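Subject: Structure handover

Hello,

Here is the structure I promised you. Please open it first, then read my notes below.

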Amino acid sequence: MDFRQIEEKWQRRWAEARVFEPTPEPGKPKFFITAAYPYPNGAIHIGHGRTYLIADIMARYHRHKGLNVLFPMGFHYTGTPILTVAESIAAGDVRAMEDFKVIYDVPEEELRKMGDPLYLANYFKELSKQYMKKMGLSIDWTREFTTIDPEYQQFIRWQFKKLYDKGLLVKGRHPVGWCPKHQMPVGAHDTKDDKEPDIGEWTLIYFEGEDGLIYPTATLRPETVLGVTNLWINPDEDYAVAEVDGRKMVLSLDAAFRLSFQTRVKTLERARGSSFVGRKVRNPVTGELVPIYPAPFVDVKTGTGVVMSVPAHAPYDYAALRDLGEVRLIPLISVEGYGEYPAKEVVERMGIKDQKDPRLEEATKEVYMAEFNKGYMRLDVADRVGLHLPEPARSLLRGFFAAFIAGKPVREARDRIRAWMEAAGIGGRMYEIMNKPVYCRCGTEIVVKVLEDQWFLNYGDPNWKRATKELLASMRIVPDEARAQFEATIDWLDKRACARTRGMGTPLPWDPTWIIESLSDSTIYMAYYTVIRRIREFGLKPEQLTEAFWDYVFLGKGDAAEVAKAVGADEKALRAIREEFSYWYPLDWRNSGKDLIPNHLTFFLFNHSAIFPKELWPRGIVANGWVLVEGEKMSKSKRNVLALGKAVDQFGADPLRATLAISAEVDQDLDFRANVARSVARHLEEIYNLVVSTAERATRDGEGLPEMWLRSEAASLLEKAAKALDDVAIRQAAVYVLYDMRRALERYLEMVEVPSRAVLEVLKAWAVAMEPFVPHLAEELWERLGERPFAAKAPWPKLAADRRTLLAVRYADRLVEDVAKLKELRKGAKRAVIYVNNNFAWVKAAVKARDVRELISAGVPGEVAKRLLDVARQLDDDFKALIAEVDDFDEYSALAELRTFLSRETGLEIAVYRADDEKAPDLGGKKRSALPLRAGVYLE
Ligand SMILES: [Zn+2]
């Protein structure tokens with residue numbers, strides 16, 4: 001079967017008839033769904049394809065439910081993702097060009113022009129669009145845009161003006177992830193692998209050396225300063241003596257570089273770490289003089305490269321000092337379940353040999369967690385402070401420690417000591433990328449910069465967080481488990497730099513040297529889809545799209561006539577644009593990959609809660625899992641990125657769609673395998689042949705039990721599929737429609753000699769139900785079944801289900817199983833004589849009864865009750881539900897009607913008697929022993 005040929009035919013017809021280009025229809029309910037628009041820094045791959053397919057299936061399904069459906073698409077040109085690729089091509093990066101050649105078949109002469117970011121973006125926008133069309137996505141292309149269109153820029157300016165007016169855009173001093181090469185902030189979409197830099201904070205404690213230099217130690221546990229026995233420096237690495245904020249400090253060369261983005265640092269001289277070993281420094285809190293020891297385990301790329309040693313509470317320090325034979329333990333913290341020296345205890349318990357033992361990591365974690373969660377500062381810590389101070393300073397300091405530190409929980413003491421040291425000038429702080437290394441797209445490792453005078457979106461604002469949580473609580477989230485991740489992200493987010501110095505996009509309205517970055521200009525654009533077509537139709541120019549214009553269109557502010565006059569537009573046009581927005585908004589579903597939960601999707605919530613009134617807040621989010629290809633993560637370096645268009649060419653759009661739909665449920669990661677796609681293609685071809693041949697053979701009239709059964713079974717399956725689609729259980733729905741329905745039709749064909757014309761109704765219903773998953777095949781079948789114009793526009797099928805018929809076939813199935821078992825015992829049998837005990841009331845009583853006594857009191861004879869109860873208990877829930885729903889059921893006539901089917905299934909000649917038919921012979925005593933729902937069977 002030539003899938004591509006059918007697909008092209010229907011794609012052309014849909015486009016010609018403008019099937020997916022909705023306009024508002026007042027009175028008709030709407031369904032508005034969007035999926036995250038792609039960056040055209042390459043064409044879309046099968047991972048995008050999965051997200052768009054899920055949205056498309058939901059869109060198509062809701063069209064069948066009679067909703068007016070809008071599913072639009074745009075392209076995200078903003079920021080560094082596109083620019084970086086273009087720059088590397090312009091710089092002659094052969095590998096980047098090779099990637100494009102291999103993955104997307106980009107011709108050589110095109111590649112040469114891709115040093116121009118706009119050329120590159122336009123090329124891949126067109127290619128991606130072509131892929132989406134090939135895939136059969138029911139997108140309304142009349143609303144397509146890019147984020148550098150002047151109209152879009154006006155819209156983003158308006159959004160930022162709103163945020164600014166609400167005080168949510170703030171200027172100030174704040175740490176950000178920073179590319180030293182590009183001199184600009186970097187967020188998740190500016191980094192390799194889209195990794196969000198996680199910014200953490202070290203406490204610095206200034207130990208003053210006898211040499212007059214400051215040795216700033218970096219620690220996450222400032223309270224342990226009270227138990228320091230020595231400092232560590234890596235003897236084999238490069239250190240610097242540098243002026244930091246006016247003080248001469250010793251720190252690793254790498255630390256001096258990193259710290260220079262956070263404060264004033266001037267390197268005065270360089271020296272090996274070994275040159276500081278043996279010097280003595282004073283603990284600024286206790287006043288004790290302690291030595292500097294060498295330690296190869298000190299990582300100069302973390303913190304300052306100067307580390308304090310607290311052997312009683314830090315397993316690494318204990319192990320290293322034990323190796324040197326210099327252990328001196330100062331206990332500070334008491335923890336339930338541990339002795340005076342938790343670090344020593346754990347190291348010994350685990351049998352750790354020396355400082356190179358990898359299990360020290362685990363030991364450190366254990367001690368850290370135990371002390372943090374249930375540790376208390378010992379009461380005697382106050383005696384240990386201020387040794388170097390004259391009275392009364394010493395007593396004052398001891399008094400402070402006795403009152404505010406001693407006896408307090410560790411977590412409380414930690415914060416107090418840190419704040420006190422910082423205020424006293426003996427401590428400071430240093431920011432660090434905690435999930436380092438994180439690399440800019442240009443390959444440079446990211447550092448933390450403290451930005452002054454930069455614009456931030458203040459996601460830390462407590463009121464904004466509260467409103468966003470309220471919005472989240474009002475939404476449907478698929479899968480359910482993602483809700484907790486959204487909540488955590490809302491809690492965790494703080495100020496976020498919202499502009500960059502490079503890349504395409506919209507300049508900040510009040511500071512045009514900055515370009516609004518890509519995760520900040522993509523948060524409410526779903527609203528823009530609803531109006532852009534009208535804006536173009538009415539010929540409005542970008543400069544007419546002022547703040548007053550958007551205020552009126554999106555917020556209903558102001559008077560249409562006045563606004564129209566102010567912007568120089570027709571009042572009718574303005575009203576029509578506002579009406580279109582009001583019709584489509586709010587957004588019903590937002591679809592995206594789950595990797596966007598910690599950034600884009602949460603920003604989407606924040607910005608909607610800030611800008612729009614509650615009744616326009618979005619209603620649902622679907623976050624789908626990853627796509628692997630043949631068990632592997634897709635990556636450019638492995639060159640295994642499967643471009644969507646290539647996958648369609650290789651397998652066909654419908655086979656690809658069906659494979660993506662059935663390979664994993666929405667929330668699960670999906671492993672795409674070519675052999676599965678090929679077998680799905682065969683399956684679809686068989687469905688096509690089955691439907692066409694059944695329709696051709698259906699030459700007789702009349703509706704008997706087999707036809708009623710097929711219609712009932714189909715009704716039940718399609719009802720279940722609809723329920724699954726309502727729950728966004730796409731895979732489950734696809735199994736009902738593409739697999740269980742086929743099985744039902746095949747069973748029907750086994751039941752009859754010649755199919756009846758009555759089944760055409762079921763075939764048509766099936767074609768419609770198939771349409772969301774395999775729309776081209778569905779349209780082709782719809783046409784073959786004599787229907788016009790489009791399956792895509794047909795209502796979701798409603799078939800009448802007859803429960804009695806479903807029960808009859810379940811019953812016959814059981815009988816076939818029984819006969820098959822008997823046949824094993826009596827090989828060579830030619831004929832089955834079946835005795836039916838037609839007493840359905842007893843069966844109904846048996847599925848309800850809890851015990852034999854209850855069954856007997858319901859009127860079932862004692863000699864039958866126990867056996868009948870055993871029969872009832874073996875039935876599954878579906879079967880029991882059918883029995884409960886059906887009032888009257890005649891086993892005898894059901895079997896008589898299904899005789900052809902029984903005969904074919906068992907390979908035997910079938911004779912059916914009523915068990916109470918006195919004229920019937922009682923072969924093998926089977927007539928006497930027949931029970932309702934368990935016929936007596938005699939083989940001969
Ligand atoms: Zn960079």
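Start with helix α20, residues 597–611. The helix has 15 residues, and at 1.5 Å a residue it should span 21 Å; its end C-alpha atoms are 20 Å apart, so the two agree. (The expected span is 1.5 Å times one less than the number of residues. Helices are DSSP runs of H or I with at least four residues, strands are runs of E with at least two, and both are numbered from the N terminus.)

Two notes before you go on. This is a predicted model, where local features need pLDDT of at least 70, side-chain atom pairs count only at pLDDT 80 or more, and totals for chains, interfaces and linings use all residues. Residues are numbered from 1 along each chain as its sequence is written.

Back to α20. Its buried residues include Leu-601, Phe-603, Phe-604 and Phe-606. (Buried means 20 or more other C-beta atoms within 10 Å of a residue's own; exposed means 12 or fewer; partly exposed is in between; C-beta atoms are placed from the backbone.) The cover over them includes helices α7, α14 and α15, plus strands β23 and β24.

Now the whole protein. It has 35 helices and 30 strands. Its C-alpha atoms fill a box of roughly 120 × 80 × 55 Å along the principal axes. Of its 940 residues, 47% count as buried.

The largest nonpolar core has 296 residues. (Such a core is a set of buried Ala, Val, Leu, Ile, Met, Phe, Trp, Tyr and Cys residues joined through C-beta atoms within 7 Å.) Helix α25, residues 730–751, gives the largest share, 11 residues. Ala-812 is among the residues with the most contacts inside the core. Leaving out residues up to four places away in sequence, Ala-812 touches Ala-894, Leu-895, Leu-898, Phe-901 and Leu-902. (A contact means C-beta atoms, placed from the backbone, within 7 Å.)

The domain assignment gives domain 1 (199–433), domain 2 (689–803) and domain 3 (810–939). Such bounds come from an automatic or database assignment. The centres of domains 1 and 2 are 73 Å apart, taken over C-alpha atoms.

One last residue. UniProt lists Lys-636 under "binding site", in an unreviewed entry. Lys-636 sits in the loop between β26 and α21. Is Lys-636 buried or partly exposed? Lys-636 is partly exposed, because 15 other C-beta atoms lie within 10 Å. Beyond four places in sequence, Lys-636 touches Asp-99 and Val-641.

Best wishes

Key: Two residues are in contact if their C-beta atoms, placed from the backbone, lie within 7 Å. UniProt positions are given in the numbering used here, feature names are shortened, and annotations may be inferred rather than shown by experiment.
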